[in-house]
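Here are some notes for a first reading. Please keep the sequence and the structure open beside them.

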Amino acid sequence: MAERRDLRQVQRNRKILWRIGLLVAACGLLLLIFMPGRGLLHYYKLQRNVQTLTQDNIRLQEANNALTEEIHRLKTDDACIENLARKKHGMLKKNEEVYDFNRYNKKK
């Protein structure tokens, strides 16, 4: 009879230890996922931030390359400078006249 009680007590202790172990494991898993600044959620946010910054870096590098090419053209190509002066500043060649027909097309 005493052996049965001892066996039941051992089984109860095992159940209690098993439940405590599961509780500790669950708490550890929750800490691993949600720990501020060190959890998996924070890690995934940082990964997304790295991807965004990498894409921005690529876009800026392409823009930088385009601007470098334009600078090179402006330094070496006189036709490019002339075209830019005509478009941006409305400059004309000698003996060149501009006729503006837009004001006559407007409805009054």
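What is the mean pLDDT of the protein, and what share of its residues reach 70 or more?

1. Confidence. The model is predicted. The mean pLDDT of the protein is 87. A value of 70 or more is reached by 94% of the residues. Among the elements, H2 has the highest mean pLDDT, at 95. H4 has the lowest, at 70.

2. Fold elements. The protein has four helices and zero strands. Read from the N terminus, the order is α-α-α-α. Helix H2 covers residues 40-76. Helix H3 covers 78-89, and helix H4 covers 102-105.

3. Overall dimensions. The radius of gyration is 38 Å. The C-alpha trace spans about 125 × 45 × 15 Å along its principal axes.

4. Burial and surface. Of the 108 residues, 3% count as buried. The accessible surface comes to about 11100 Å². Carbon and sulfur atoms account for 58% of that surface.

5. Charges. The protein carries 22 positive and 12 negative charges. The mean positions of the two sets lie 19 Å apart.

6. The structure holds four salt bridges. One of them joins the side chains of Arg-59 and Asp-56, at 3.9 Å from N to O. Both residues sit in helix H2. They are three residues apart, about one turn of the helix. Asp-56 has a relative accessible area of 31%, so this residue counts as partly exposed.

7. Lys-93 forms a salt bridge with Glu-82, and their closest N and O atoms are 3.5 Å apart. Lys-93 is partly exposed, because its relative accessible area is 48%. Glu-82 is also partly exposed, at 34%.

8. Which residue does the side chain of Arg-86 meet in a salt bridge? The partner is Glu-96, at 3.2 Å from N to O. Arg-86 lies in helix H3 and Glu-96 in the loop between H3 and H4, so the pair ties together parts that are ten residues apart in sequence. Arg-86 is partly exposed, with 28% relative accessibility. Glu-96 is partly exposed as well, at 30%.

9. The network. Glu-82, Arg-86, Lys-93 and Glu-96 are linked in a network of salt bridges. Look at these four side chains as a group.

10. Is Asn-95 buried or exposed? Asn-95 counts as exposed, because its relative accessibility is 84%. Asn-95 lies in the loop between H3 and H4. Its phi is near 60 degrees, a positive value in a residue other than glycine.

11. To recap. Helix H2 holds the pair Arg-59 and Asp-56. A network of salt bridges links Glu-82, Arg-86, Lys-93 and Glu-96. Read H4 with its mean pLDDT of 70 in mind.

Terms used:
Residues numbered from 1 in each chain as written. Predicted model: local features only at pLDDT ≥ 70, side-chain atom pairs only at ≥ 80, totals over all residues. Heavy atoms only, no water. Helix = DSSP H or I, 4+ residues; strand = E, 2+ residues; numbered from the N terminus. Buried < 20%, exposed > 50% of the residue type's maximum accessible area, 1.4 Å probe, protein only. pLDDT = per-residue confidence, 0-100. Rg over C-alpha atoms; globule rule 2.2 N^0.38 Å. Areas by Shrake-Rupley, 256 points an atom, 1.4 Å probe, with all protein chains shown as cover. Lys, Arg positive; Asp, Glu negative; His and termini not counted. Charge placed at Lys NZ, Arg CZ, Asp CG, Glu CD.
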